Amino acid sequence: MELMDYWRVLRQRWLLVLSCIQLGIVGAVLITVAIPEKYEATSELFVAPDLGSTSSELMQGSDFVLDRVKSYVEIVDKAVILDPVIEDLGLDDTVGALSERVSATVVPETVVVRITVEDESAQEAADTANAIAAQFMATVPTLEPARTSQENSVVSINVVDPARTPLHPVSPNPTLNLILGLLAGMAAGLAAAVGREALDRRIKSEEHVKAVTPTPVMGSIPADRTADEQPIITLDNRHGVRAEALRQVRTNLQFLDVPQGQRSYVVTSSMPGEGKTLTAVNLAVTMAEGGLRVCLVEADLRRPRTAAYLGLSSTVGLTDALIGRADWSQVVQEYRDGMDVILAGTIPPNPSDLVVSDAMEQLLQRLQQAYDVVLVDAPPLLPVTDAAVLSKRCAGAIVVVGFGRKAITANELSRSLQMLTTVGARALGIVINKVPQNGPNVTPLVGYTYTPAKSANPRHGARAAAVDGGETVASAQKTS
């Protein structure tokens with residue numbers, strides 16, 4: 001993944017990253033509250049040689065102490081020091097437990113020994129550090145032999161900085177914990193976002209579609225919040241971005257390379273919920289608006305929804321024509337000028353048999369002779385084979401790919417297109433549906449509206465036509 005890919009993932013899954021950051025901060029707060037406070041007290045001792053008074057003896061003594069002081073600190077947390085301390089202070093700790101809270105170091109390039117004690121009680125930490133320092137002063141000289149029986153040990157130890165009661169705990173550190181929790185949450189969020197992106201095989205962009213199939217993209221229909229209330233393109237919203245996108249599909253459909261005389265197209269999808277029925281209906285409306293005579297055939301006999309969208313009665317329809325109960329001209333209903341509809345009719349027990357029958361092929365041939373374009377709303381490709389068989393009997397299939405929560409995966413799209421190839425049908429193009437108007441994966445679509453210009457001469461105001469993008473208001477009004 002490139003840097004821009006990470007940025008796109010971050011923008012797309014920022015809620016996941018934010019949730020992980022919040023969890024990291026909450027975890028840091030809980031850990032800070034749960035960890036008991038601990039205090040540190042430090043005592044410093046100076047180890048000096050006691051070998052003589054001449055300069056030569058002092059030099060030898062200094063070298064001796066510098067070498068030996070490294071060994072002295074190793075006994076600070078041993079029983080020889082801690083046993084007397086535990087007994088003198090009356091501590092409940094064992095030597096092993098106390099040694100875990102005691103540390104001793106030598107200040108680099110010096111003979112200063114630093115003894116540090118950690119405890120949940122500030123006063124007890126200071127008392128223990130001073131007691132260990134006193135015991136260290138008493139024990140170390142006994143480990144070094146005197147030069148004669150009348151002389152003292154070769155080293156002399158003095159406290160230069162006794163331990164004092166600490167005022168603030170060293171642990172937990174709320175600021176450090178919050179910073180670490182923030183960084184850990186951010187790292188976990190980024191990892192989770194990248195992981196989900198890598199595992200998410202849903203189609204989320206036009207580039208993703210092009211990576212799956214060489215089938216051309218005929219258009220992208222934007223998501224519209226008002227589609228539920230006004231699903232069909234009308235005169236009131238015919239200049240919106242959704243209507244303009246459908247006109248692009250209409251234009252691209254007219255330039256497809258199809259066999260001469262083939263004017264029927266199957267509109268289908270890979271899975272239910274991608275919006276293929278509403279796309280077929282609005283595409284038919286858009287074509288009729290462009291001056292074509294269109295017939296929309298509802299061949300989805302399992303889940304017919306066209307009647308509900310158009311507000312028509314489905315008491316008779318396609319099934320009646322296929323079983324010979326009625327002629328096709330008797331089941332055609334006019335929806336608007338230039339657009340007729342054949343609804344599904346009564347749902348049969350054997351929809352697949354009817355849709356792929358010879359009667360259906362004959363009906364399509366008759367409709368192609370009577371109309372400029374025949375659009376067949378077929379079932380999805382993956383659940384049933386109806387759409388694949390119908391596509392072979394028509395010029396080909398227009399496959400709708402829906403975005404959003406019910407978006408299909410790349411594998412599902414590939415399988416559905418392969419089904420068309422298997423039966424010898426053509427996938428004419430892809431129509432991407434429910435494209436977000438904003439977000440990391442898309443470029444916002446811009447609507448195009450016509451606005452009358454103000455005329456300088458009031459007498460000519462009614463006849464004035466404002467030129468906008470090569471089209472005039474007068475011509476737009478004439479079209480409406």
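This is a predicted model: local features need pLDDT of at least 70, side-chain atom pairs count only at pLDDT 80 or more; totals for chains, interfaces and linings use all residues.
In sequence Arg11 is 182 residues away from Ala193, yet in space the two are 9.9 Å apart, taken from C-alpha to C-alpha.

Let me stay with the surface for a moment. Ile25, Val29, Val33, Leu178, Leu182, Met186 and Leu190 make up a nonpolar patch there, and together they have about 540 Å² of accessible area. The elements that contribute two or more residues to this patch are helix 2, residues 14-34, and helix 7, residues 174-199. Helix 7 gives the largest share, with four residues. Met186 belongs to helix 7, and at a relative accessible area of 34% Met186 is partly exposed.

Now to the interior. In soluble globular proteins, nonpolar side chains tend to be buried together. In this model, the largest nonpolar core has 44 residues, and those touching the most other members are Val297, Leu318, Met360, Leu367, Val376 and Leu390. Which residues does Met360 touch, if we leave out those up to four places away in sequence? They are Val297, Ala299, Leu318, Leu322, Leu354, Val355, Leu390 and Arg393. There is also a second, separate core, with 33 residues, including Val267, Ala280, Leu296 and Val341.

Key:
Residues are numbered from 1 along each chain as its sequence is written. Side-chain values use heavy atoms; hydrogens and water are left out. A nonpolar core is a set of buried Ala, Val, Leu, Ile, Met, Phe, Trp, Tyr and Cys residues joined through side-chain atoms within 4.5 Å. Buried means under 20% relative accessible area, exposed over 50%, partly exposed in between (1.4 Å probe, protein chains only). Contact means heavy atoms within 4.5 Å. Patches are made of residues with over 30% relative accessible area and no salt bridge: like charges are joined within 9 Å, nonpolar side chains (Val, Leu, Ile, Met, Phe, Trp, Tyr) within 5 Å. Accessible areas come from the Shrake-Rupley method with a 1.4 Å probe; for residues, only the protein chains shown count as cover. A salt bridge is a side-chain nitrogen of Lys or Arg within 4 Å of a carboxyl oxygen of Asp or Glu.
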